[in-house]
Amino acid sequence: GLAMISLACGITVNLPVDPITTGPTQTEIINIPEPDVQLADVTLSFGAGKLSIEPGAQGALISGEARYNVEDFKPKYEIDGAEIRLETGNLEVNGIPNFRDDFENEWELRLSDMPMQLSINAGAYEGEFELGGLSIETLEIADGASDVRLKFSQPNQSVMDIFRYVTGASNVRLLNLANANFKSMIFRGGAGDYTLDFSGQLQNDASVTIEAGEIRVIPCGFVMAVPVGFEAQVRPRSGLASKHGISMPNAPGTID
């Protein structure tokens, strides 16, 4: 089939629509051993569906299971020294994917607390990430139209050099961010609904850069929460400058 997309300038583009064939649900057990290195470089590549991540892998770097009913979504992984890649099968889409209502692709993953650099690349999906208590030294997330809830319920065991999140038109909630223990955070988003909650235990000074198509206060979908006890300086680049400081004795650091 063809999908017609009309652009603002009046041009109509016909794009092929790829039908996606579903079948019986299959379950794949995932068990990726810890590599014999000091720092693992982990990349998770996920297409459409549901992805959940939490601590708790025992005797493995990554454990869990994947349930899917599209044969080409069978997960595969590669280990090359310190580099570990886990990705959604070999589905090749030449046009716009046309998923049936009974489409299923769900990963439930557990990570070990081995020191790691973690990258998550995803498309249109639902994500539920609990990363508290792990040892993440860098965290890079890039996704499309997504609905993601990410939290650090416990402090990250490593100092995170950078946490970068780049997203499209999404609903993203980032919770307990002080527990991420990052030095630098960069968040870039398009039109969407974003909540950034910096509660938790801030161990060191940190810098945060936030870029979005439009940043508005609570009524229009952008919320940034800084808990009592932290000093925060907010410097909008839109020309409407403001500075907000909240300080309490024994505040361990500042977010700037």
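A salt bridge is a side-chain nitrogen of Lys or Arg within 4 Å of a carboxyl oxygen of Asp or Glu. Keep in mind that the model is predicted. The two partners differ in cover. Arg67 has a relative accessible area of 19%, so Arg67 is buried, because the limit for buried is under 20%. Glu65, at 24%, is partly exposed.

Now step back to the whole chain. The protein chain has 22 strands and 0 helices. Of its 256 residues, 39% count as buried. The accessible surface comes to about 13200 Å², and carbon and sulfur atoms account for 49% of that surface. Take the contacts between residues at least 6 apart in sequence: 54% of them join residues at least 24 apart.

How far can the model be trusted? The average pLDDT is 79, and 70% of the residues score at least 70. Over residues 93–99 the pLDDT is below 50, and this stretch has 21 contacts in the model beyond near neighbours in sequence. Residues 238–256 also have a pLDDT below 50, with 47 contacts beyond near neighbours. Where pLDDT is low, the predicted coordinates should not be read in detail.

Go inside next. The largest nonpolar core has 46 residues. Those with the most contacts inside this core are Ile62, Phe163, Leu174, Phe182 and Met185. Look at Met185. Leaving aside neighbours within four places in sequence, Met185 is in contact with Phe163 and Leu174, among others. Its other partners include Leu196, Phe198 and Val208.

Aromatic rings come next. The structure holds 5 aromatic pairs. Tyr165 and Phe187 form a tilted pair, 5.7 Å centre to centre, with 40 degrees between the planes. Tyr165 sits in strand E15 (residues 160–166) and Phe187 in strand E17, so the pair links parts of the chain that are 22 residues apart. Both Tyr165 and Phe187 are buried. Phe187 also pairs with Tyr194. Here the ring centres are 5.0 Å apart and the planes stand at 70 degrees, so the pair is edge-to-face. Tyr194 is buried, with a relative accessible area of 2%. Elsewhere, Phe46, Trp107, Tyr125 and Phe129 form one aromatic cluster.

What about a buried residue in a loop? Ala180 lies in the loop between strand E16 (171–175) and strand E17 (182–189). Its relative accessibility is 0%, so Ala180 counts as buried. Which residues does Ala180 touch, not counting residues up to four places away in sequence? They are Phe152, Asn156, Ser158 and Met160. Ala180 and Phe152 are 28 residues apart in sequence, and their C-alpha atoms are 6.1 Å apart in space.

Return to the salt bridges. The count comes to 10. Arg149 forms one with Glu128, the closest N and O atoms being 3.1 Å apart. Arg149 lies in strand E14 (residues 147–151) and Glu128 in strand E12 (residues 125–130), so this pair ties together parts 21 residues apart in sequence. Arg149, at 26% relative accessibility, is partly exposed. Glu128 is partly exposed too, at 37%.

Arg188 forms another salt bridge, with Glu211, and the closest N and O atoms are 2.9 Å apart. This pair links strand E17 with strand E19 (residues 207–212), and its partners are 23 residues apart. Finally, come back to the starting pair. Glu65 and Arg67 belong to one network with Glu106 and Glu108, joined by salt bridges that share partners.

How values were computed:
Residues numbered from 1 in each chain as written. Predicted model: local features only at pLDDT ≥ 70, side-chain atom pairs only at ≥ 80, totals over all residues. Heavy atoms only, no water. Helix = DSSP H or I, 4+ residues; strand = E, 2+ residues; numbered from the N terminus. Buried < 20%, exposed > 50% of the residue type's maximum accessible area, 1.4 Å probe, protein only. Contact = heavy atoms within 4.5 Å. Areas by Shrake-Rupley, 256 points an atom, 1.4 Å probe, with all protein chains shown as cover. pLDDT = per-residue confidence, 0-100. Core = buried A, V, L, I, M, F, W, Y, C linked by side-chain atoms within 4.5 Å. Phe/Tyr/Trp six-rings, centres within 6.5 Å; stacked < 30°, edge-to-face > 60°.
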